[in-house]
Amino acid sequence: MKRKQYGILSLALSSCLITQAENKEKNSSTPNVIFIYADDLGYGDLECYGAKNIRTPHVNRLADNGIRFTNAHATAATSTPSRYSVLTGEYAWRKPGTDVAAGNAGMIINPAQYTMADMFKSAGYATGAFGKWHLGLGDKTAQQDWNAPLPAALGDLGFDYSYIMAATADRVPCVFIENGRVANYDPSAPIEVSYIKNFSGEPTGKDNPELLYNLKPSHGHDQSIVNGISRIGYMKGGGKALWKDENIADSITVHAINFIRQHKDEPFFMYFATNDIHVPRFPHKRFRNKSKMGLRGDAIAQFDWSIGQLLQILDELGLTRNTLIILSSDNGPVVDDGYDDRAEELLNGHSPTGHLRGGKYSAFEGGTRIPVIVHWPEGIQKPAVSDALISQIDWLASFASLVNARIPRGSAPDSYDCLATLLGQNRTDRPWVIEQAANHTLSVRTKNWKYIEGSEGSPMITWGPKIETGYLGTPQLYNMLQIGEKENVAAKYPEKVFELEQILRKVRNKTLIFGNQNTMQ
């Protein structure tokens with residue numbers, strides 16, 4: 001796997017891309033690209049990854065006709081840093097202020113930074129973002145005027161069009177932001193947002209539980225009430241602009257479909273970031289009881305439906321063969337993450353992590369090992385399951401290689417070209433993967449080993465979820481040929497600990513690059 005150098009395509013890849021289109025498909029070396037980014041979807045949450053009690057036929061279609069990866073990793077075990085890294089090609093731990101963001105955070109990606117959207121735009125693509133954002137809006141934290149156009153939004157980061165949630169569904173403001181301003185703004189109900197104190201006369205989940213007619217909190221999440229669900233943070237106003245949780249997936253999907261229709265005759269890049277599996281889980285009634293796992297399982301069914309809707313419009317417009325779809329998650333799963341939705345009680349044998357240790361927030365494998373499926377009929381010659389070690393940090397450089405885009409010097413400093421691996425042309429392992437836990441503990445993962453640096457912290461999440469953190473005061477080493485990270489063998493293999501510590505040290509100070517080094521085992 002080589003360092004991305006100005007995105008020059010090889011002759012072999014070019015010939016692969018310029019194959020003869022069928023029917024009304026476009027004959028193009030610049031495929032449409034749809035990045036489907038699920039929220040809190042675990043390695044074991046999809047039927048094609050062995051999930052029980054849930055059917056995901058549309059995701060199965062992608063897997064059956066594409067490359068399904070079994071050793072793919074997010075850069076972080078929480079949302080904001082993971083999303084920052086994938087969109088900028090820079091590890092979030094290099095930049096202060098990239099922890100899980102409040103709904104009124106200022107923009108975390110600097111408009112001067114080069115992003116994935118900038119890259120596609122430079123290659124002549126129309127660019128759009130839909131769904132969960134969680135990377136801040138406006139130029140200053142807590143100083144946004146939500147009743148006017150925001151001074152900094154996704155248009156400053158390379159997106160031609162955006163229809164997004166400012167953060168997560170459990171955080172205020174509970175409105176969609178379209179092209180930098182509140183969608184369906186209601187002037188009769190001006191919006192105010194605070195993460196410090198409530199507004200006079202506004203009910204909260206803590207003080208007014210009788211108003212929680214849709215979902216009640218299990219821990220935290222007991223501040224402002226919207227749609228019969230209490231949230232994190234305080235909000236006043238919104239009126240007709242306030243979302244209904246049961247309609248979020250429909251709203252995001254309809255806007256995404258309209259974007260595809262509008263740009264069907266030109267290459268487009270879509271960032272489609274769903275909220276379904278993230279709390280509060282409150283899917284539309286037509287998905288209720290579609291699984292045997294209550295609201296969390298039904299939310300996975302709703303997510304699968306969204307995928308089906310995108311596939312349907314691509315089929316209808318004759319775009320499927322030359323559209324590259326990459327489906328993934330921002331981090332590992334969590335079951336009880338703040339709402340009394342009986343998700344843990346109703347698992348009924350289902351394992352969201354696929355029996356990996358840990359989960360969301362954790363330094364263990366369940367925190368960052370995620371499902372990844374790549375589907376592109378025109379560019380993938382043979383469907384397969386790949387155990388290649390890959391990381392989301394490389395997607396910006398890989399997509400740049402795909403569309404022959406030049407990355408400015410100094411941008412995407414941690415991203416490398418692994419396009420051939422993503423397309424199933426080889427199974428080359430990334431020599432090492434760096435992962436970040438919730439408390440900033442870093443890990444080094446190679447094909448056969450995992451090193452977790454020593455760090456301070458409780459062995460279990462302290463605020464509610466029943467998840468092992470993986471934090472220990474001394475370094476840990478696990479043989480990844482053995483399932484479950486059960487035995488810390490650091491004392492047995494001090495030379496391996498030293499080797500992986502050196503990798504982490506050199507990556508931190510930017511003295512280790514890929515070059516032509518052999519894959520580490």
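How many residues does α6 have, and how far does α6 reach from its first C-alpha to its last? The helix has 24 residues and spans 35 Å, close to the 34 Å expected at 1.5 Å a residue (the expected span being 1.5 Å times one less than the number of residues). The model is a predicted one, so local features need pLDDT of at least 70 and side-chain atom pairs count only at pLDDT 80 or more, while totals for chains, interfaces and linings use all residues. Numbering starts from 1 along each chain as its sequence is written, and side-chain values use heavy atoms, with hydrogens and water left out.

Just after α6 comes G318, with a positive phi of about 70 degrees.

One packing partner of α6 (residues 294–317) is α2 (residues 57–64), at an angle of about 60 degrees and with the axes 7 Å apart. On the α2 side, the contact (heavy atoms within 4.5 Å) involves P57, H58, V59, R61 and L62; α6 brings in F303, D304, W305, I307, G308, L311 and D315.

Then there is Y471, sitting in the loop between β18 (449–452) and β19 (476–479). Y471 is buried, with a relative accessible area of 11%. G454 is 17 residues away from Y471 in sequence, yet their C-alpha atoms are 7.1 Å apart in space. Beyond neighbours within four places in sequence, Y471 is in contact with several residues, among them Y361, A437, T441 and Q476. The Y471 side chain also reaches the backbone nitrogen of N439 at 3.1 Å.

Methods
Axes are lines fitted to C-alpha atoms, for helices over the stretch in contact, and angles run from 0 to 180 degrees between N-to-C directions. Helices (H or I, at least four residues) and strands (E, at least two) are DSSP runs, numbered from the N terminus. Buried means under 20% relative accessible area, exposed over 50%, partly exposed in between (1.4 Å probe, protein chains only). A polar contact is a pair of N or O atoms within 3.5 Å; within protein, one must be able to donate a hydrogen and the other to accept it, and residues adjacent in sequence count only if both atoms are side-chain atoms.
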